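My entries are kept in the order in which I looked.

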Amino acid sequence: MFFSDGSVSAVSYVLLLGITCLIVLCDLTRGSSDFSGYLSKVLRNYTELACDGDFLSVRCPSRTTITIQSAFYGQTGASDPQQCPHTYQAVLSSYKAQENGQSCSVSTALQKMLDECQDRRSCQVLVNSRVFGTDLCPGSSKYLIVWYKCRPRR
């Protein structure tokens, strides 16, 4: 392995260099997969939905914060696929609203979610008409949908 003058043979040197490169490359790819997993969580679009009376929870991975994109609180009619379980009274109100071609929503949903969750790592909001302002369709079953992203902390 060593020449008579104490230096490393060319074959041994190449072998050592190859092993070192392999070790470094393995560490880089492991770190790279961790980073790409982190990046996919950061770049992803998230959606959360909760019904009246429930809490809506919004959460981002560590080292990121919530960026609210949009929010909807209300109901879009009795045939709405997002509807939550109803009470009998809520079903009657929903059918009356649908007959009249009404949908119920509040314009304050986005601002409320921005106030409660923007730039935080996590938040929880009670889904209730008292939280979101005037109830345009009293007695009807409503829900909150929030669309958000997670961005790296500044």
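The entries below record what I looked up.

**Entry 1: the model.** I note at the outset that this is a predicted model.

**Entry 2: the largest nonpolar core.** I looked up which members of the largest nonpolar core touch the most other members. The core has 21 residues, and those members are Leu56, Ile66, Met113, Phe132, Leu144, Val146 and Tyr148. I then traced the elements that each supply at least two of the core residues: helix H3 (109-117), together with strands E1 (45-51), E2 (55-59), E3 (64-75), E5 (122-126) and E6 (143-152).

**Entry 3: leucine 144.** I listed the contacts of leucine 144, leaving aside neighbours within four places in sequence. Leucine 144 is in contact with Glu48, Leu49, Ala50, Leu56, Phe72, Tyr73, Met113, Val127 and Phe132. Of these partners, Leu56, Met113 and Phe132 are also among the core members that touch the most others.

**Entry 4: valine 58.** Is valine 58 buried or exposed? I find a relative accessible area of 1%, and because the limit for buried is under 20%, valine 58 counts as buried. Valine 58 lies in strand E2. Not counting residues up to four places away in sequence, valine 58 touches Ile66, Met113, Arg121, Ser122, Cys123 and Tyr148. I also checked valine 58 against glutamine 124: the two are 66 residues apart in sequence, and their C-alpha atoms are 6.4 Å apart in space.

**Entry 5: glutamate 116 and its salt bridge.** How many salt bridges does the structure hold? I count two. In one, the side chains of glutamate 116 and lysine 112 meet at 3.2 Å, N to O. Both residues lie in helix H3, four residues apart, about one turn of the helix. Glutamate 116 has a relative accessible area of 27% and is partly exposed; lysine 112, at 23%, also counts as partly exposed. Beyond residues up to four places away in sequence, glutamate 116 touches Cys123 and Val125. I recorded a separation of 10.0 Å between the C-alpha atoms of glutamate 116 and isoleucine 68, which are 48 residues apart along the chain.

**Entry 6: the other salt bridge.** The side chains of arginine 151 and aspartate 119 meet in a salt bridge at 2.2 Å, N to O. This pair links distant parts of the chain, with arginine 151 in strand E6 and aspartate 119 in the loop between H3 and E5, 32 residues apart. Arginine 151 is partly exposed at 23% relative accessible area, and aspartate 119 is partly exposed at 43%.

**Entry 7: the cavity.** I searched for cavities of 30 Å³ or more and found one. About 30 Å³ of space lies in the largest cavity. Which residues line the largest cavity? I list Tyr73, Gly74, Cys104, Ser105, Val106, Thr134, Asp135, Leu136, Cys137 and Lys142. By type, the lining divides into five nonpolar, three polar and two charged residues. E3 and strand E4 (104-105) each supply at least two residues of the lining.

Note on methods:
Residues are numbered from 1 along each chain as its sequence is written. This is a predicted model: local features need pLDDT of at least 70, side-chain atom pairs count only at pLDDT 80 or more; totals for chains, interfaces and linings use all residues. Side-chain values use heavy atoms; hydrogens and water are left out. A nonpolar core is a set of buried Ala, Val, Leu, Ile, Met, Phe, Trp, Tyr and Cys residues joined through side-chain atoms within 4.5 Å. Buried means under 20% relative accessible area, exposed over 50%, partly exposed in between (1.4 Å probe, protein chains only). Contact means heavy atoms within 4.5 Å. On a 1 Å grid over the protein atoms alone, a cavity is a set of points where a 1.4 Å probe fits but cannot get out, and a pocket is an open set with protein on both sides within 12 Å along at least five of seven lines; lining residues have an atom within 4 Å of a point. Grid points are joined across faces, edges and corners, and a volume is the space filled by probe spheres set on the points. Ala, Val, Leu, Ile, Met, Phe, Trp, Tyr, Cys and Pro count as nonpolar, Asp, Glu, Lys and Arg as charged, and the others, Gly among them, as polar. A salt bridge is a side-chain nitrogen of Lys or Arg within 4 Å of a carboxyl oxygen of Asp or Glu.
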